[in-house]
Amino acid sequence: MGHMHYARQYIAYLLAERGSSPRTVDAYTRDLNQYLEFMAEKGIDDSSEITRNDILAYERALSEMGRTPATIKRKISVVKGYHRFIVLEGYAKKNAASNVGLPKQPEALPDVISVEKMQELLEGCDISTPLARRNRTILEVLYGCGLRVSELCGLDLDRVLLNEGYLRVMGKGAKERVVPLSGYALTWLSAYIAEDRPLIRCSTTTPNAAVFVNAHGRRISRQSVCKIVEREGLRAGIKGLHPHSLRHSFATHLLEGGADLRAIQEMLGHANISTTQIYTHVQTRQLIEEYLSAHPRAALH
């Protein structure tokens, strides 16, 4: 069988068995297609015939094309997963990628914004229009709740429990978790949903479930959120600000405030847990209390 049969089976596996998000599957598909096209150009049309040396040649080619170590690491990770899969499925007898190492890359954590600079960033936002107040709310929720940008864009109105003080967030791998919502994030989100969101023009004929919408009333895109965050960062003198920097600052400031590391991992969704299986009412309350006692913007001043 040729490359394409194996590749289709692998993508189906990622969707059905691994529960990978559509965005992850799209990225894997692009990387896998590039890899298999490289092999086809070398005259290898069957993935089971690929050798370790062929994979190393592909890695060298990526480097010669000027790909960064981080990009090469991601692409080779896809290759390793693919070869592991075709062996498990019986399409190949030997895993050609088992002894292919991943390239080392320098540790590059996002910059942590100080509590003082964060306050300057948030308090300096323009709030003169509904869209401007939406932008302020986006920043408050990204920092106040530690959400990934994809989680913020995917947040629906029925997942916001204002009275109970938490969000139900769909994270990576379609895993739902509880995220505490209090203080400034709760205040701004409540006002936005009640007052500003209804004023944003809606061009769709069906009701939109999204919390955060664009100027046309459609669900806001991650690209738009990234542009909003970058623009607000420049206003506050922070160059290249990305939503993940707000998430990283959320975690760092909680640690500095004395929050338990395990509680922070749960809030960030790093633990592979399902909310319905793990969180009882008491556990949720304890999680919220950890947040209230440690996050610098969890209480109004």
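The structure is a predicted model, in which local features need pLDDT of at least 70 and side-chain atom pairs count only at pLDDT 80 or more, while totals for chains, interfaces and linings use all residues. Residues are numbered from 1 along each chain as its sequence is written, and side-chain values use heavy atoms, with hydrogens and water left out. The protein chain has 13 helices and three strands; helices (H or I, at least four residues) and strands (E, at least two) are DSSP runs, numbered from the N terminus.

**Overall composition**

- Of the 301 residues in the protein chain, 46% are buried, where buried means under 20% relative accessible area, exposed over 50% and partly exposed in between (1.4 Å probe, protein chains only).
- The accessible surface of the protein chain is about 15,700 Å², and carbon and sulfur atoms account for 51% of it; the areas come from the Shrake-Rupley method with a 1.4 Å probe, and for residues only the protein chains shown count as cover.
- Among contacts (heavy atoms within 4.5 Å) between residues at least 6 apart in sequence, 61% join residues at least 24 apart.

**The sheet**

- The three strands form an open antiparallel sheet in the order β1-β2-β3; two strands pair if DSSP finds at least two bridges between them.
- β1 (160-161) and β3 (176-180) are the edge strands with a single partner strand each, so one side of each has no neighbour in the sheet.
- β1 and β2 (residues 166-170) run antiparallel and are joined by two bridges, with L161 having Y166 as its bridge partner in β2.
- Five bridges link β2 and β3, again in the antiparallel sense, and L167 has V179 as its bridge partner in β3.
- The hairpin of β2 and β3 has five residues between the strands, and G173 takes a positive phi near 65° there.

**Burial of β3**

- Five of the five residues of β3 are buried, so this strand is largely enclosed by the rest of the structure.
- In a regular strand the side chains alternate between the two faces of the sheet.
- In β3, E176, V178 and P180 point one way, whereas R177 and V179 point the other way, and all are buried.

**Model confidence**

- The mean pLDDT of the protein chain is 84, and 89% of the residues score at least 70; pLDDT is the predictor's confidence in each residue, from 0 to 100.
- Among the elements of the protein chain, helix α6 (residues 130-145) has the highest mean pLDDT (97) and helix α12 (residues 275-278) the lowest (28).
- Over residues 272-283 pLDDT stays under 50, and the model has 18 contacts beyond four places in sequence for these residues.
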